[in-house]
Amino acid sequence: MPGNPLIKEVLDKYSAVWALSHAMRVMSWDMETRMPEGGAAARGMATGEVAGMVQKATVSMKELVLKADKQKDLSDRDRGIVRVLRRRIDYYTKVPPELVSGLERVTTEATVAWRNARKKSDFKLFQPYLEKIVGLKQQEAEKLGYRRHPYNALLDLHEEGFTVGDADRVFSRLIPGSGKILEKVLSAGVYPSRHPLESAKYETPAMERVNQGILRLLKMPTTTFMMDVSTHPFTTKIAPDDVRITTRYEGVDFRATMYSTIHESGHALYDLGVGEDLRYTPIDWGASYGIHESQSRFWENAMGRSREFVKLVSPLLRKNLSFVSKYGQEDLYHYFNLVRKSFIRVDADELTYNLHIALRYDIEKKVLAGDVKVSELPELWNDTFKSLFGIKPPDDARGVLQDIHWSGGSIGYFPTYSLGNVVLGMIWHKMGDGRMIRESVGAGDLTQLREWLRRKIHRWGSTYTPAELLQREFGEGYNPDWLLKYYETKFLR
Ligand code: MG
């Protein structure tokens, strides 16, 4: 590849940032999976130091990147490299390091306080920390700058170019639409809300064999991919040929571990599918959090909760989990697709999930704009929950205190979960309203699905903004109508 000499210079300089970020990812992987508790303080010091080095090295590229940006006729790849670097430099230039380290400090303490508050179901214990966090996030939004709504500044960090206007458009269709489908499904009574397998206990080694079998069904590579265990499952791309996921084992209700494994594998397939020519560049990741989530949710839900997949995975389950033998395939299908209104987001089924997200979106927007005070959040949460679900959380642990996100300073992240679902719907539609999924999974070969996703989405990495990518490959932006059609087809036919 001949390549633009200025971009070559940019990438040469970027290699230091890449190497430091690589080290950070290894350190954080180790911290989440293997590090003894005693290592925490030193790891915190080391990552803080390296993060500062990443920041400095990135900002030092400013002049060069701006010069490259002025080049005419850059290829799409090179344009993407410049765009992504400009965004990072922009962030580091606008947000002062004191603000970043301030957030770091508060969120470390806040996460501990949140855990305790949730355990005691007492919002007051968390409130002062959340007040500080919201204050700092408001400052961050001001420093970054925005049009119309401060929340736009934070949304853009997770979903480039996505605005409150876009989110309002998506949710104002998605929420009434899925609410209607949900009521119909609940009154039809075809999809049960409970199943005895929810309380069935499993032995971890047996479930490990199931999960390894699932990785084989998904044809996850053995030399460039691995799976470990952590409390909160996640995926990390250490390098182009070193992608890792974790799963969790709770000893009961095996759906949780099985679908965590499939979900994270979906993220990993995206990371592994990025084009060869993007390796070691700043665009060797996904287009956005929303697009990344569409991949995990596609595998978890559109593929993994289909009747065809139940059939495909049944022998593996029966072989390793003796208690499954009592149940037929249709019974298993319903266990994997229970529909019920629940208080907890992470337990939510496909149909109720977006309602949980709409609630958080609404609250985050209001609190960031200063329309409500942090002290008013429990009440606002419960009232909004009531209007969406028709029921009221019995306590704060099952209400405003349930998610870890705010304690870590993540505001503006939640909407990307629903965007992932929306894009899942668009993919499902493009696959012939799910025909390709039924055929591939029915034939027991998932390669076709993987190749399709690689061609349309994975290979581009972050070459394009999420909106550009969708326009290019799907001919439209985030359109929730296909997701609603997917729900209708799945749950009402
Ligand atoms: Mg995910």
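1. Length of α2. Helix α2 covers residues 40–59 of this predicted model. At 1.5 Å a residue, its 20 residues should span 28 Å.

2. Buried face of α2. Which residues of α2 are buried? They are Arg43, Val50, Val54, Gln55, Ala57 and Thr58. Viewed down the helix axis, the buried residues of α2 fall within an arc of 165°, so they line one face of the helix. Four helices pack against these buried residues: α1 (5–33), α3 (62–69), α4 (76–94) and α5 (97–120).

3. Exposed side of α2. Ala41, Met45, Glu49 and Lys56 sit on the other side of α2. These residues are exposed.

4. Packing of α12 on α13. Helix α12 spans residues 307–320, and helix α13 spans residues 329–336. Their axes are 10 Å apart and meet at an angle of about 105°. That angle lies in the range 65 to 115 degrees, so α12 is roughly perpendicular to α13. From α12, the contact takes in Arg307, Val310, Lys311, Ser314, Leu317 and Arg318. From α13, Gln329, Glu330, Leu332, Tyr333 and Phe336 take part. By class, the contact of α12 with α13 holds 5 nonpolar, 2 polar and 4 charged residues.

5. Asp228. Strand β1 (residues 225–229) contains Asp228. Is Asp228 buried or exposed? Its relative accessible area is 10%. The cut-off for buried is under 20%, so Asp228 is buried. Leaving out residues up to four places away in sequence, Asp228 touches Trp29, Thr33, Arg34, Ile245, Thr246 and Thr247.

6. Tyr280. This residue lies in the loop between α10 (255–273) and α11 (289–303). Most residues other than glycine have a negative phi. Tyr280 is not a glycine, yet its phi is positive, at about 60°. Its relative accessibility is 43%. Exposed would need over 50% and buried under 20%, so Tyr280 counts as partly exposed.

7. Asp433. Where is Asp433 placed? It is in the loop between α16 (415–430) and α17 (435–442). Phi of Asp433 is near 50°, again a positive value in a residue other than glycine.

Key: Residues are numbered from 1 along each chain as its sequence is written. This is a predicted model: local features need pLDDT of at least 70, side-chain atom pairs count only at pLDDT 80 or more; totals for chains, interfaces and linings use all residues. Side-chain values use heavy atoms; hydrogens and water are left out. Axes are lines fitted to C-alpha atoms, for helices over the stretch in contact, and angles run from 0 to 180 degrees between N-to-C directions. Helices (H or I, at least four residues) and strands (E, at least two) are DSSP runs, numbered from the N terminus. Angles under 35 degrees count as roughly parallel, over 145 as roughly antiparallel, 65 to 115 as roughly perpendicular and the rest as oblique. Contact means heavy atoms within 4.5 Å. Ala, Val, Leu, Ile, Met, Phe, Trp, Tyr, Cys and Pro count as nonpolar, Asp, Glu, Lys and Arg as charged, and the others, Gly among them, as polar. The expected span of a helix is 1.5 Å times one less than its number of residues. Buried means under 20% relative accessible area, exposed over 50%, partly exposed in between (1.4 Å probe, protein chains only). The arc is that of the directions from the helix axis to the C-beta atoms.
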